[in-house]
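Here is a brief report on one protein chain. Have the sequence and the 3D view open as you read.

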Amino acid sequence: MTSKVFGLIAEEAHRQKYGLEMIPSENYASEDVLKAMGSILTNKYSEGFPGARYYGGNEIIDKIERYACELANKLFGTVHAIVQPHSGSPANLAVALELAGPGGTTLGQSLTAGGHLTFGAQASWTGRLFNAIQYGVDPKTWQIDLDEVKALAKKHKPKFIWVGTTAYPFQIDYKGFAQIADEVGCFLVADTSHISGLVVTGYHPTPVPYVHVMTTTTHKTLRGPRGAMILITKKGLDKDPELAKRLEKSVMPGLQGGPHDHQTAAIAVALEEALKPSFKNYIGQVVKNAKVLADQLGTVSQVHLVLKSLTDLGYGLGYQAQYALEEAGITVNKNTIPGEPASPFYPSGIRLGSPALTTRGMKEKDMIKIATWIKRVLEEVRGHDLPKEQDKRKDFLKEVKKILKTNKNLRQIRKEVEEFAGKFPVPGIQ
Ligand SMILES: Cc1ncc(COP(=O)(O)O)c(C=O)c1O
């Protein structure tokens, strides 16, 4: 091992083992998934789809890709699977470009209300290539207001509606969305990236009977390698028998060249694992753990993640809290809260979740312990309110970071966290 990179990977392995990984979109893939991901399959070019490739030598690759598609359809109950998108964002772009066309109207949940960038946020090309209309959530309940979705759909007549979230602690009413999409006559696309693990194990209602298309990343609660899939339902093919072909073409040659065959193989391994009864037990524990975390932090969760408002501690504290928690060995991300009072860059909340910790074998009693550390850390950011004047923020945050870096209480918590976390195994790390 001569490359400098292996030293850096060893450092990252240490961070992953001795810290508490609480970003809800992260997880630890199994050793078998890692093995397939790091395999010689990365050497192959296989543009096209099984049985119709632009290159020779794809007999085995065809078997692997067909197997991955078969497992995806079995797991989700869909009728056609595309496993080639390199990740979630390009999968969503492939769907949006095909169903709406450049300049077409789309309707999706806004970023600040818990939706994903690719649902039409201005910072994403999906907010510029399309006439992207956005729905929010009720600022009091933090929940999707189907009356708002319906009114926007009727007014703007989108080509399709996105139903999916990235920072939403509640279950989603797919049936309610389907009634709206069917009334307007548009496609309905579910992005279940965050909750796919819950959907396939019955811990979240499935969108399959209600939507035409699903997209999902494979690396979140599904616990696979980084990657994504586009799944077509029976309802989708009934609406447009050409839908599967259209979406395949949109992925390749529309947006991508060769698929990542090592990734496809690793997805197949993860799907095999997700079909096992032990995966259902795992997700059951993920949901229980998230609920305990939410209870302890004074909020609610019906899924795998917790969205915690910090407004009772001060103004615009998300960034400071993320930094302080990281100093204490706990990784979360700053997040806007519905009706964000501060700023999208320096928001008022944090987003955290249980999938990765649960993979390490942690249970409810461990969540109580972790929530206690989190509460202790949050006390250390009290008083470090974001300045209201934008031009003062950069210097202010630099100063706060300096103060937090030498904070004795945070150092003490870090010691406790390292001692605790180090006792739990991480797949692929000795
Ligand atoms: C709902 C949702 N869709 C799509 C994506 C994009 O996935 P990727 O980061 O693989 O592009 C994410 C990532 O966070 C997500 O949460």
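## Overall fold

This is a predicted model. The protein chain has 16 helices and 14 strands. Its radius of gyration is 22 Å, close to the 22 Å that the globule rule gives for 430 residues, so the chain is as compact as a globular protein of that length. Along the principal axes, the C-alpha trace spans about 60 × 55 × 40 Å.

Of the 430 residues, 52% count as buried.

Two packed helices are described by the angle between their axes and the distance between the axes.

Take H3 (residues 59-76) and H10 (residues 261-274) to begin. They pack at an angle of about 35°, and their axes are 9 Å apart. The crossing is left-handed. On the H3 side, the contact uses Ile61, Ile64, Glu65, Tyr67, Ala68, Leu71, Ala72 and Leu75. On the H10 side, it uses Asp261, Thr264, Ala265, Ile267, Ala268, Leu271, Glu272 and Ala274. By class, these residues are 12 nonpolar, 1 polar and 3 charged.

Ile60 also belongs to helix H3.

## Helices H5 and H6

H5 covers residues 146-156 and H6 covers residues 174-184. Their axes are 10 Å apart, at an angle of about 15°. That angle makes H5 roughly parallel to H6. The crossing is right-handed.

Which residues of H5 and H6 meet? From H5 come Leu146, Val149, Lys150, Ala153 and Lys154. From H6 come Gly176, Phe177, Ile180 and Val184. The contact has 6 nonpolar, 1 polar and 2 charged residues.

## Helices H11 and H14

H11 spans residues 277-296, and H14 spans residues 364-381. Their axes come within 9 Å and cross at roughly 35°. H11 passes H14 in a right-handed crossing.

In H11, the contact residues are Lys288, Asn289, Val292, Leu293 and Gln296. They meet Glu364, Met367, Ile368 and Ala371 in H14. The class count is 5 nonpolar, 2 polar and 2 charged.

## Backbone on either side of H5

Trp142 has a phi near 65°, a positive value in a non-glycine residue. Trp142 sits in the loop between strand E6 (131-135) and H5. With 19 other C-beta atoms within 10 Å, Trp142 is partly exposed. The cut-off for buried is 20 or more.

Lys157 also has a positive phi, about 45°, and is not a glycine. Its loop runs between H5 and strand E7 (160-164). Lys157 has 13 C-beta neighbours inside 10 Å and counts as partly exposed.

## A cis peptide bond

Where is the cis peptide bond that joins a Met to a Pro? It links Met252 and Pro253, with omega about 15°. Pro253 is found in the loop between helix H9 (243-251) and H10. H10 is also the helix that packs with H3.

## A buried loop residue

Thr192 lies in the loop between strand E8 (187-191) and helix H7 (196-201). Is this threonine buried or exposed? Thr192 is buried, with 30 other C-beta atoms within 10 Å.

What does Thr192 touch, leaving out residues up to four places away in sequence? Its contacts are Gly164, Val199, Pro207, Met214 and Thr216. For one of these partners there is also a C-alpha distance. Thr192 and Met214 are 22 residues apart along the chain, with their C-alpha atoms separated by 7.0 Å.

Methods: Residues are numbered from 1 along each chain as its sequence is written. This is a predicted model: local features need pLDDT of at least 70, side-chain atom pairs count only at pLDDT 80 or more; totals for chains, interfaces and linings use all residues. Axes are lines fitted to C-alpha atoms, for helices over the stretch in contact, and angles run from 0 to 180 degrees between N-to-C directions. Helices (H or I, at least four residues) and strands (E, at least two) are DSSP runs, numbered from the N terminus. Angles under 35 degrees count as roughly parallel, over 145 as roughly antiparallel, 65 to 115 as roughly perpendicular and the rest as oblique. A crossing is left-handed if the near helix is turned anticlockwise from the far one by less than a right angle, and right-handed if clockwise. Two residues are in contact if their C-beta atoms, placed from the backbone, lie within 7 Å. Ala, Val, Leu, Ile, Met, Phe, Trp, Tyr, Cys and Pro count as nonpolar, Asp, Glu, Lys and Arg as charged, and the others, Gly among them, as polar. The radius of gyration is taken over C-alpha atoms; the globule rule is 2.2 Å times the number of residues to the power 0.38. A residue is buried if 20 or more other C-beta atoms lie within 10 Å of its own, exposed if 12 or fewer, and partly exposed in between; C-beta atoms are placed from the backbone.
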